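Me: I am new to this structure. Can you take me through its pockets and some of its helix contacts?

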Amino acid sequence: MNLRRITVVAYKEWREIVRDRLFFALAFVVPSLLMLLFGYGLSLDVEHIPLAIIDHDQSAQSREYAHRFTDSRYFAFYGYATQEEPLRKLVVNNTLRAVVIIPPQFGQRLASGHPAEVQTWIDGTFPFRALTTKGYVTAINAAMTLDQLSNWLGNARGVPPAEVRKLLQPVRLETRYLYNQEVKSIWSIAPKLIMVILMLSPPFLTALGVVREKESGAIYNVYASTLSRGEYLVGKLAPYVGISIINGVLLTLMALFLFDAPFKGDPLLFAVSTVLYVVCTTGIGLLVSVLVNTQVAAMVGTAIVTVVPAVLYSGMIIPIPSLSAIAAVIAHLLPGMYYAEIAMGCFLKGAGFAALWPNLLILALYAVGLFSAGFLGFHKRPAN
């Protein structure tokens, strides 16, 4: 391994990247653009659900019940209505996502201690949002039921409603969300977006950079030169690793200052893990590039081995414990899951080396394995 030869190959590759403006934009602009698009477009927060109410009772109790919905930040109150059919059309065209229908004699039944039924329509087009909306409605109904029951028992027995409420709640459950007290989905999504984008961009850059020489015929200069396989591959990958590290820094800064994600861990640990992860992802591009001979095949092959694993098998959208047994095995065979755990540990949990060293070790082994596979798959041909 001659350092001077490696430097010459790396400098030549950098000059080619700079000359090709489209490729240069692909290298630096696309990752930040993806971070903006996904960061602002991908949200798991279910708030401001468009809601309309039909109040057939018009009593004080029904107005109080409706106020619990209109005063909640989880619902965006559309207005009151008197007929169901117009609201049905608004649900069909996605103007409304939920409708609460309060029946006649609602207040009278509550005052007499009898149960009162309320109908709720919830748009089930998106199951996650529908289940979350159902949870909000259930929570509001439970709070209303507890208040009405305590008031009714208090009036019947002459006990203050507050005391009755304590008797009705012998066990009080107080929920505390660890590591993300405000339950903001962007705090969880932003670190994982770094993982996804660094899984997508570096392999494409590396694969195209190597295959481009195959298509143009410039690779024969390498075959005829005295460069060793290791010198060529290290020099070829070095600019892409450097570019990806710069992109990793930019993506981290965007997560911190643009999306306000907290960082509680060790910056050095996160930096080392990011470098190892970048070496892994560029190694994926190297492995693809030695297996194909055209840029189209390189793009298709890279997309297959990076896009789906980065999204579905990394914990980005579906938690790893929620995957099927086969899918969980696939997730543990890919580097994205391990880097995602490191990113979440550093950003939200403040985890240190003692907790994250197994993931760090697996990334290091993965990087060595990918580069070794690429090295063994690349053969220098003797000059004719």
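Predicted model: local features only at pLDDT ≥ 70, side-chain atom pairs only at ≥ 80, totals over all residues.

Me: Which element gives the largest share of the lining of the second largest pocket?

Reply: The second largest pocket has a volume of about 360 Å³. Its lining has 16 residues, and L110, P115, A116, T145 and Q148 are the closest to its centre. Two helices, α5 (106-111) and α6, each supply at least two lining residues. The largest share, 6 residues, comes from α6.

Me: Which element gives the most to the lining of the largest pocket?

Reply: The largest pocket holds about 800 Å³ of space. It is lined by 28 residues, with N180, V183, K184, S185 and S188 closest to the centre. Elements giving two or more residues are α6 (127-157), α14 (335-349) and α8 (185-216). With 4 residues, the top contributor is α8.

Me: Are α2 and α8 roughly parallel or roughly antiparallel?

Reply: The axes of α2 (residues 21-41) and α8 come within 9 Å and cross at roughly 160°. Angles over 145 degrees count as roughly antiparallel. So α2 and α8 are roughly antiparallel.

Me: Is the crossing of α2 and α8 left-handed or right-handed, and what residues make the contact?

Reply: The crossing is right-handed. From α8 come I186, A190, L193, I194, I197, S201, L205, L208, G209 and R212. The contact divides into 14 nonpolar, 3 polar and 1 charged. On the α2 side are F23, L26, A27, P31, L34, M35, F38 and G39.

Me: How do α10 and α15 lie to each other: roughly parallel or oblique?

Reply: The axes of α10 (residues 229-258) and α15 (residues 353-377) come within 10 Å and cross at roughly 125°. Angles of 65 to 115 degrees count as roughly perpendicular, and those over 145 as roughly antiparallel. An angle of roughly 125° therefore makes α10 and α15 oblique.

Me: Which residues of α15 touch α10?

Reply: α10 passes α15 in a right-handed crossing. α10 brings R229, G230, L233, V234 and L237 to the contact. α15 brings F371, G374, F375 and L376.

Terms used
Residues numbered from 1 in each chain as written. Heavy atoms only, no water. 1 Å grid on protein atoms, 1.4 Å probe; cavity = no way out; pocket = protein on both sides within 12 Å on 5 of 7 lines; lining within 4 Å. Points joined across faces, edges and corners; volume = space filled by probe spheres on them. Axes fitted to C-alpha atoms, helices over the stretch in contact; angles between N-to-C directions. Parallel < 35°, antiparallel > 145°, perpendicular 65-115°, else oblique. Left-handed = near helix turned anticlockwise from the far one by under 90°. Contact = heavy atoms within 4.5 Å. Nonpolar A, V, L, I, M, F, W, Y, C, P; charged D, E, K, R; others polar.
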